[in-house]
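Here is a friendly note to read alongside the model. Please keep the 3D view open and look up each residue as you go.

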Amino acid sequence: MMLVLTGAALICGGLLAYINNLTKPTIDAQAEKTLNEGISAVLGGNAGNKLGEETKTRTVDGKEQTFVVYKMENGTAVQSTDPNAFGGNLKVLVGFDAEGNILGYTVLEHAETPGLGAKAGEWFQKDQPGCIVGINPGKTNMTVSKDGGDIDAITASTITSRAFLRAVQQAYNTFNEKSDATTGATTQQRADNAGGLNTQEQ
């Protein structure tokens, strides 16, 4: 019985590994296609060619967070995640022009309540109640109006709205950071460490 079970496990494991290797190129190609479509969408539908891709780790509210920056011919797209949404992680991809104005965004991942927090994918789009398209986060208070900010929160979903706007703000901060040649720190890291960002739930 033990030999039979061991043999069956080895055969199943081998088949799974074979199928994984067989399908990996197709899965990778689809993931790349989805990413490129997302980047084009947040950059106004025409991203042009990719000029570079960089993964950055920054300390936000005492925790390390990872951001991915895609430099394109017609703008920059930044992937950002806020871990404190109502359902956990809320991941967004935000497009910026050279001046830091938001060209568009898409929600890549969320676990928010259907009909409430899940509206984040539409609520902040152009011509919608909480529109952030065209806004420069460096010149706008990217918090909900309930907290004294300039953005209208999703109805009955303030926690999700706060998390979404924090993710967008951090995407901008990552896009905007510049290295300090003397210390190796970044201007945004110094602002974060000085308490320039408040990411706590109010």
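This is a predicted model: local features need pLDDT of at least 70, side-chain atom pairs count only at pLDDT 80 or more; totals for chains, interfaces and linings use all residues.

1. Residues are numbered from 1 along each chain as its sequence is written, and side-chain values use heavy atoms, with hydrogens and water left out.

2. Begin with the sheet. Five strands build an open sheet in the order S1-S2-S3-S4-S5, with antiparallel pairing. Strands S1 (50-60) and S5 (102-109) are the edges: each has a single partner strand, so one side of each lacks a neighbour in the sheet. On average, neighbouring strands are turned by 20° against each other, direction ignored. Strands here are DSSP E runs of at least two residues, helices are H or I runs of at least four, and both are numbered from the N terminus. Two strands pair if DSSP finds at least two bridges between them.

3. Now zoom in on one pair. S1 and S2 (residues 63-72) are joined in the antiparallel sense over 10 bridges. Lys 50 has Met 72 of S2 as its bridge partner, and Gly 52 stands opposite Lys 71 in S2. The two strands form a hairpin with two residues between them, and Asp 61 in the turn has a positive phi of about 55°.

4. Which residues does Thr 76 touch, beyond those up to four places away in sequence? Thr 76 sits in strand S3 and is buried because its relative accessibility is 11% (buried means under 20% relative accessible area, exposed over 50%, partly exposed in between, with a 1.4 Å probe and protein chains only). Its contacts (heavy atoms within 4.5 Å) are Leu 43, Val 69, Tyr 70, Lys 71, Val 94, Gly 95, Phe 96 and Phe 175.

5. Compare that with Glu 99, in the loop between S4 and S5. Glu 99 counts as exposed because its relative accessibility is 56%. Glu 99 and Gly 75 are 24 residues apart in sequence, and their C-alpha atoms are 9.5 Å apart in space.

6. Finally, look at helix H1 (residues 2-42), where Ile 11 lies. Ile 11 is exposed, because its relative accessible area is 55%.

Notes. Axes are lines fitted to C-alpha atoms, for helices over the stretch in contact, and angles run from 0 to 180 degrees between N-to-C directions.
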